[in-house]
Amino acid sequence: MGSIEEIKEENSPFVQLLMLCFYAFLGLFVFLAIGFAVIYLKYGGSLLQNMDWLSSTEASYLPAQRILITAQQIGLFLVPALLLAKIEGGRINGFYGFKRPDAGLLLLVLLMMAGALPLLEWVTQLNQKMSFPAALKGVENWMKAAEDQGMKMTIALLKMENIGMFLLNIGMIALLPAVAEELMFRAGLQRIFGRMFNNPHLAIWFSAFVFSAIHMQFYGFLPRLLLGATFGYIYFWSGSLWYAIFGHFLNNAYAVCAAWYMQKNNIPLSEADKTMDIAWYGYVISAGLTFLLFRYFKKQTQ
């Protein structure tokens, strides 16, 4: 019996949640420090004397902003989830679930993401019509100002002059967040909440709520909440994080590809924020098709 390795018992979900939060704060501090160090070595100390460039949309500041965005994704999301798995379970594959993906199921995820586009568009329209009572108009104005500033930053980052910038944005905006955020919110938080609540549906929606809230984009909260829940159920049913990562990547890559197409056809990127003109039955068809594809995906994974 002495030759049999003792299986380490996991900490309680409450302890794991505290560990994940601690790793997130620590990882964010360390990797932002690394990011600023890279900026100092690359651009000198002038950028660090006045930090107004952090919210600037000038093209000359975008490379430095990209460095910090990458550092934030790695430190706040990727590293904490990996550390938790390493300390609690040893091997990330067994702790979170990274079964080799099936080509047929990947195709289903692709069809689900494509079919849900009109439905998400309708939810986005509802979210953008959000209005507060008179007593909270100050809060509403602040949220709108923050949303407008965030949109300006997004448009600036999505300006791509060549194929190299397009590929860079695919990596920074689509691939890295898909891996890092799915590890944090689906693999990390959803797994913890599942043990904590002993209810997979509550864990999925609570994780999706945190996922949407942490982005601080108030007028995109509802569609991001639904996306988070979608990735959560895909992960829960399949037992493999690869499918959720793939769906997340497709969603983000669509935005990058749409921006690239618009620039190649001389369409202003400001038009990207406008909602599509879809007949009501288009939304109904999208909802029905998405529901059927979800049921089929669940059946195929059971």
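Helix axes here are lines fitted to C-alpha atoms over the stretch in contact, and angles run from 0 to 180 degrees between N-to-C directions. On that basis, helix 9 and helix 10 pack at an angle of about 140 degrees, with axes 8 Å apart. Angles over 145 degrees would count as roughly antiparallel. Helix 9 is therefore oblique to helix 10. The model is predicted.

## Helix 10 and its partners

The crossing of helix 9 and helix 10 is right-handed. Helix 9 contributes Pro-200, His-201, Ile-204, Trp-205, Ala-208, Phe-209, Phe-211, Ser-212 and Ala-213. Helix 10 answers with Phe-221, Arg-224, Leu-225, Leu-226, Gly-228, Ala-229, Gly-232, Tyr-233 and Phe-236. By class, this contact has 13 nonpolar, four polar and one charged residues.

Helix 8 (residues 163–197) also meets helix 10 (residues 221–238), with axes that come within 11 Å and cross at roughly 60 degrees. Helix 8 is thus oblique to helix 10. This crossing is right-handed. On helix 8 the contact uses Glu-182, Arg-186, Ala-187 and Gln-190. On helix 10 it uses Gly-228, Phe-231, Gly-232, Tyr-235 and Phe-236. The contact has four nonpolar, three polar and two charged residues.

## Helix 5 against helix 11

Helix 5 and helix 11 (residues 241–264) pack at about 35 degrees, their axes 10 Å apart. The crossing is right-handed. From helix 5 come Leu-105, Leu-106, Val-109, Leu-110 and Met-113. From helix 11 come Tyr-243, Phe-246, Gly-247, Leu-250 and Asn-251. The residues divide into eight nonpolar, two polar and no charged.

| Helix pair | Angle | Axis distance |
|---|---|---|
| Helix 9 and helix 10 | about 140 degrees | 8 Å |
| Helix 8 and helix 10 | roughly 60 degrees | within 11 Å |
| Helix 5 and helix 11 | about 35 degrees | 10 Å |

Helix 6 covers residues 117–128. Its twelve residues should span 16 Å at 1.5 Å a residue, and the end C-alpha atoms are 16 Å apart, so the length agrees. Buried here are Pro-118, Leu-120, Glu-121, Val-123, Thr-124, Gln-125 and Asn-127. These buried residues pack against helix 5 (103–115), helix 10 and helix 12 (280–301).

Asn-127 lies in helix 6. Its relative accessible area is 3%, and under 20% counts as buried, so Asn-127 is buried. Leaving aside residues up to four places away in sequence, Asn-127 touches Phe-218, Tyr-219, Gly-220, Phe-221, Leu-222 and Pro-223.

Ala-116 sits in the loop between helix 5 and helix 6. At 11% relative accessibility, Ala-116 counts as buried. Ala-116 touches Ser-286 and Thr-290, again not counting residues up to four places away in sequence. Val-79 is 37 residues from Ala-116 in sequence and 31 Å from it in space, C-alpha to C-alpha.

## Helix 1

Helix 1 (residues 13–43) has 31 residues. From its first C-alpha to its last it reaches 44 Å, close to the 45 Å expected at 1.5 Å a residue. The buried residues of helix 1 are Pro-13, Gln-16, Met-19, Leu-20, Tyr-23, Ala-24, Gly-27, Gly-35 and Ile-39. Their cover includes helix 2 (46–49), helix 3 (62–88), helix 4 (92–97) and helix 8. Gly-44 follows helix 1 and has a positive phi, near 85 degrees.

## Positive phi outside glycine

Asn-198 is not a glycine, yet its phi is positive, about 55 degrees. Asn-198 is found in the loop between helix 8 and helix 9 (200–213). Its relative accessibility is 69%, so Asn-198 counts as exposed.

Met-216 is not a glycine either, and has a positive phi of about 55 degrees. Met-216 lies in the loop between helix 9 and helix 10.

Note on methods: Residues numbered from 1 in each chain as written. Predicted model: local features only at pLDDT ≥ 70, side-chain atom pairs only at ≥ 80, totals over all residues. Heavy atoms only, no water. Helix = DSSP H or I, 4+ residues; strand = E, 2+ residues; numbered from the N terminus. Parallel < 35°, antiparallel > 145°, perpendicular 65-115°, else oblique. Left-handed = near helix turned anticlockwise from the far one by under 90°. Contact = heavy atoms within 4.5 Å. Nonpolar A, V, L, I, M, F, W, Y, C, P; charged D, E, K, R; others polar. Expected span 1.5 Å × (residues − 1). Buried < 20%, exposed > 50% of the residue type's maximum accessible area, 1.4 Å probe, protein only.
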